[in-house]
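Student: I'm new to this one. Can we go through what the labels mean and how they were reached?

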Amino acid sequence: MSEQFTDPFVRWDTFSSALWYRTRAARYRLEGTRCTACGEKFFPPRTGLICPACHARAMEPYPCAQSGEIVAVALDDLGFPAVGYGDYMPRIQAIVRLDDGIHLMVDIMQVADPSEVRPGARVKMVLRKHKREDTGAWVYGYGFVLDKGE
Amino acid sequence: MGKILRRVMMIGGAITPPNIPMDWTWRQMAAEAFWNALQDAGVPVKDVDLVACNYNDRAIADSSPGAQIADALGILPKPVIPIANACAGNGIASYTAWNAIASGRCDVVVSLGFARSDNYDAMEAMNSQGNYVDFDYMMGLTHINYGAMRDSYYRRKYNVPLEAAGHWAYWCNWYARRNPLAASYSKPMPVLEELCADTPEAERDRQATNRGGVASAMVFVGEDVARKYTDKPVFFDVAYAFRPPYIGNFFHYPVESMREYDMGELPGLMVAAREAYQIAGIKKEDINVVQVHDLTAYEGMMALEALGLCEIGRAKDYVLSGGMTLESKCPVNTYGGGPAFGHGSAGSDFQAGVLENYWQILGKCGERQVKEARVGVNTSYGTHHSLDVVGVVQKGW
């Protein structure tokens, strides 16, 4: 930022702390939901929502598996600075199939050799800093790293 | 499905050309498309019973856009139904128009869309322009990221070569040089070999180009009143379906029509196509011109598969064997597609395809005219295929 233009880059976000508060369990520990009527598991959580499989309205918290394997990979060299994701380029993103069958689209963190991020590679969840919310506080949430069994 | 009381016919339409003046407001754009469509159809403003309007100018229009649009179009106190559902929301607008006419409640309905995409301000923050807001978009994963991931996955799953994507972009550009409404109309024709290269530049050229601000409109009437305005109406039918908005849920979502598919297919589009064909009374073999909404070449091929024109994973063969050309049994993207006609978002992504098929059936497409075009199908989608729409136009009586 130039000294002549000290105002921060205008971001589109008016993200509220309340919204981040509501999503905390899913962001911090991958808490989804499970339908108590048919057993289907969901992420993001469907708390209070209707099950698309059996149409019951009976969800309970469900702790998703925190490890799995990569099924697809893409490189993001642009980021999304307008909503606070302009740093740490390029980002390596992946679709991950958790060990309980749930799929997520996530950032793969701490990659030394991008060629190791490929379909079939094992990954595990970590808690990471995502961005600052409008209060200046850090937003934390899930990310994934390669799991080399070390 | 309920009882349909009468057929719906399309009698005119219009779309703004690329590079509209920077100082046009969204109201001016909407009025331009609305006015020109009514002129094309020979319908006076006073005859319009209802307007269904898709928009993506959230910053200025959210909360009460209906009255603002009705005022801009000069139709007050008649109703406007405002619709906001991303790039394919025009499909919902035309679905709304279709229902109003098929039920007999309205005789003349206009489906309108506009996108003044430089109208952003900070209120954009909470709109769902990308994916599942809370867990994709808010965590920095956008529909652009989805597109890259989907292409990578589709290519790998079905072993789709770069050459197929290069040919797709080439033929979109070939048609666009013959369509004055296309964004790439007056630009140099790209070289096929360069479009097939494994370079970042070629990858960019195989994707959609931007149209900037755009508006479009289509005029629909009941079959029994069509003769009042024209002797060349075409039948119009439309259907749409949703897919879960969270990208992870593309894998084995627990409903019958989607459980067996993943990110390499478009099951929402399959559902919409089945319903649209049924309502229109056609079979896939009847289709002889297709326009798809393709922000990337791979996505265009996936759409052909979902429409049933090719087996799943085999659109690459259709493209590489000349299936997109005018000599084909069913030419594809004669309007220029995403790579060359350009991405118009809420302003045109659905209606551009309908309008092209409408003009094809009327024989108005000049050098890009398909011989004996009788049944045209088009597709469009919103965000990352959380909304998929299929439109069908057929030669009238």
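Student: Why is Lys124(A) called partly exposed?

Tutor: Count the C-beta atoms: Lys124(A) has 16 C-beta neighbours inside 10 Å. With C-beta atoms placed from the backbone, 20 or more others within 10 Å means buried, 12 or fewer means exposed, and anything in between is partly exposed. So 16 puts Lys124(A) in the partly exposed class. Bear in mind that this is a predicted model, where local features need pLDDT of at least 70, side-chain atom pairs count only at pLDDT 80 or more, and totals for chains, interfaces and linings use all residues. Residues are numbered from 1 along each chain as its sequence is written, and chains are lettered from A in the order in which they are written.

Student: Which residues is Lys124(A) in contact with, leaving aside its neighbours within four places in sequence?

Tutor: Gln66(A), Ser67(A), Phe144(A), Val145(A) and Asp147(A). Contact here means that C-beta atoms, placed from the backbone, lie within 7 Å. Val145(A) sits 21 residues away along the chain, yet the C-alpha atoms of Lys124(A) and Val145(A) are separated by 5.6 Å.

Student: On to chain B: what makes up domain 1 and domain 2 of chain B?

Tutor: Domain 1 covers 8–125 + 213–228, and domain 2 covers 143–211 + 239–391; such bounds come from an automatic or database domain assignment. Between them, 28 residues of domain 1 of chain B are in contact with 24 residues of domain 2 of chain B.

Terms used. Two residues are in contact if their C-beta atoms, placed from the backbone, lie within 7 Å.
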